[in-house]
Amino acid sequence: MGSPFKDHHHHSLARKLIPWTFYAMLPLVLFRLYFYPYPLYHATTPILSSSSSSSSVSSSTPLLEEEPSCDYTNGKWVRDKRGPLYNDSTCGTIKEGQNCIAHGRPDMGYLYWRWKPKHCKLPRFEPSTFLQLLRNKHIAFVGDSMARNQLESLLCMLSSASVPNLVYRDGEDNKFRRWYFESHNITISVYWSPFLVKGVEKSNTGPNHNQLYLDQVDERWAADMNGIDLIVLSIGHWFLHPAVYYEGDQVLGCHYCPGLNHTEIGFYDVLRKAIKTTLKALADRKGRANSNGIYSFVTTFSPAHFEGDWDKFGACPKTEPYNKGEKTLEGMDAEIRQIEVEEVEAARMNSIQLEKFRLEALDVTNLSSMRPDGHPGPYMHPFPFANGVAERVQNDCVHWCLPGPVDTWNEILLEIIKKWEDESKTEE
């Protein structure tokens with residue numbers, strides 16, 4: 001039988017040690033809770049997000065809410081001392097009018113900014129990752145000169161990892177071109193189609209207005225649709241020009257057509273019809289069960305930054321981005337972007353049952369509107385002030401210097417492709 005004194009001694013010692021042990025552990029507990037808070041719920045499987053189609057997640061998995069996709073439209077431009085992936089000497093596919101460095105632009109500060117989304121990260125572009133994901137694929141950029149601007153940016157970014165070979169060219173100003181990356185069996189094409197639907201452009205020998213057929217997709221690019229795996233569409237600026245609009249054999253009206261006996265209807269509804277026709281054609285032809293499917297993007301409107309006359313000195317004089325909140329997206333820029341985003345969303349909902357059809361708006365309007373410093377301005381021509389400032393100086397405050405802010409569009413493009421590829425693997 002144990003000693004009563006010994007038992008009492010043990011109990012007394014325990015009573016003394018317990019409070020001291022509690023006080024010793026308390027800081028550790030508080031430290032753990034502060035830096036590693038315990039989640040309110042525990043998900044047994046990863047939560048997938050998709051803004052293009054429904055993700056397949058086991059119905060037995062309890063999910064409180066779906067993790068939102070990254071909102072790349074909400075953010076700010078921050079300084080980046082690393083600079084671009086390429087320059088005028090390492091990339092041989094820069095269009096003459098966007099080669100700002102070679103044309104003598106004196107300030108280089110516009111090259112050292114990165115777009116930083118508010119709630120997520122936008123990694124630096126990885127050429128090898130893009131090439132690997134798109135191995136054995138055909139990528140097409142279709143639309144106006146902004147589509148071409150984005151295409152040439154992508155070619156330059158990829159050229160740091162693999163050299164593109166020009167294998168086809170046709171049309172005035174090389175409006176139809178094709179490159180081949182032998183290292184990954186990738187083809188990248190550009191198709192000039194400033195309306196996406198069938199159109200006849202104004203000319204010196206014909207009518208001084210464009211003619212658009214809003215119920216017919218432009219077959220100059222659509223005829224190749226079956227062989228395209230990823231498509232980037234871009235329109236907007238050409239809809240500001242004078243035009244007459246047709247649907248079937250009927251004239252719907254016109255935009256800025258004095259002297260013609262047509263009703264002025266503006267261009268907003270016309271732009272909407274053109275996008276609707278284009279996206280329906282895409283879904284109808286590439287969403288079929290026997291189709292190889294397609295990744296589809298609509299790059300939203302990229303605003304111009306003219307301050308005063310286009311042919312005067314200082315038409316786009318800014319040398320730094322706008323700060324967040326300094327530039328408000330409004331007026332025509334906001335309206336065109338809204339139409340494009342709405343039509344993409346409507347087409348996506350109409351085709352949600354098509355497993356092989358992915359569609360998303362590459363929404364770059366806001367981040368582009370904050371970069372008045374990224375345009376060629378007078379440096380669309382080599383050394384425009386070599387002989388002093390002339391009375392008339394042609395400026396480009398619409399397109400983007402290469403390298404420049406347009407490179408960010410392709411960074412976002414790659415991130416969305418990576419997300420879709422991850423979702424596809426999970427769904428298999």
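1. Let me start with a disulfide: Cys-316 and Cys-397 are bonded, with their sulfur atoms 2.3 Å apart. Please keep in mind that this is a predicted model. The torsion about the S-S bond of Cys-316 and Cys-397 is about -85°, so this disulfide is left-handed. Cys-316 sits in the loop between S12 and helix H6 (331–350), while Cys-397 belongs to the loop between H7 and H8, so the bond ties together parts that are 81 residues apart in sequence. Both ends are out of the way: Cys-316 counts as buried at 14% relative accessibility, and Cys-397 counts as buried at 0%.

2. The link of Cys-100 and Cys-401 is left-handed, with -90° about the S-S bond. Cys-100 is in the loop between S1 and S2, and Cys-401 is in the loop between helix H7 (365–369) and H8, so this pair connects parts that are 301 residues apart in sequence. Relative accessibility is 0% for Cys-100, which counts as buried. Cys-401 is likewise buried, at 0%.

3. Cys-70 and Cys-120 make another disulfide, and their sulfur atoms are 1.6 Å apart in the model. This link joins distant parts of the chain: Cys-70 lies in the loop between helix H1 (4–35) and strand S1 (75–79), and Cys-120 in the loop between strand S2 (113–117) and helix H2 (127–133), 50 residues apart.

4. For the overall bookkeeping, the count comes to five disulfides. Counting the bonded cysteines along the chain, the disulfides follow the pattern 1-4, 2-5, 3-10, 6-7, 8-9.

5. Now to the sheet. Seven strands form an open sheet with mixed pairing, in the order S4-S5-S6-S3-S9-S12-S13. Strand S4 (165–170) and strand S13 (357–362) are at the edges with a single partner strand each, so one side of each has no neighbour in the sheet. From one strand to the next, the twist averages 15°.

6. His-138 stands opposite Thr-187 in S6.

7. Which strands does helix H8 lie across? Helix H8 (residues 406–427) lies across S3, strand S9 (230–234), strand S12 (294–299) and S13. The helix runs at about 150° to S13.

8. On to the aromatics, where the count comes to eleven aromatic pairs. One of them is Trp-192 with Trp-238, an edge-to-face pair at 5.5 Å centre to centre with 80° between the planes. Trp-192 is in strand S6 and Trp-238 is in the loop between S9 and strand S10 (243–247), so the pair ties together parts that are 46 residues apart in sequence. Trp-192 and Trp-238 are both buried.

9. Trp-238 has a further partner in Phe-195: these rings form an edge-to-face pair, 5.9 Å centre to centre and 80° between the planes. Phe-195 lies in the loop between S6 and strand S7 (197–200), and Trp-238 in the loop between S9 and S10, 43 residues apart. At 3% relative accessibility Phe-195 counts as buried, and Trp-238 counts as buried at 19%. Ring pairs link Trp-192, Phe-195, Trp-238 and Phe-239 into a cluster.

10. Finally, there are two places where a charged side chain meets a ring. Arg-105 lies over the face of Tyr-110, at 3.8 Å from the ring centre. The charged end of Lys-198 sits over the ring of Tyr-213, 5.0 Å from its centre.

Methods. Residues numbered from 1 in each chain as written. Predicted model: local features only at pLDDT ≥ 70, side-chain atom pairs only at ≥ 80, totals over all residues. Heavy atoms only, no water. Pairing = 2+ DSSP bridges. Helix = DSSP H or I, 4+ residues; strand = E, 2+ residues; numbered from the N terminus. Axes fitted to C-alpha atoms, helices over the stretch in contact; angles between N-to-C directions. Contact = heavy atoms within 4.5 Å. Phe/Tyr/Trp six-rings, centres within 6.5 Å; stacked < 30°, edge-to-face > 60°. Buried < 20%, exposed > 50% of the residue type's maximum accessible area, 1.4 Å probe, protein only. Lys NZ or Arg CZ within 6 Å of the ring centre and 35° of its normal. Disulfide = S-S within 2.5 Å.
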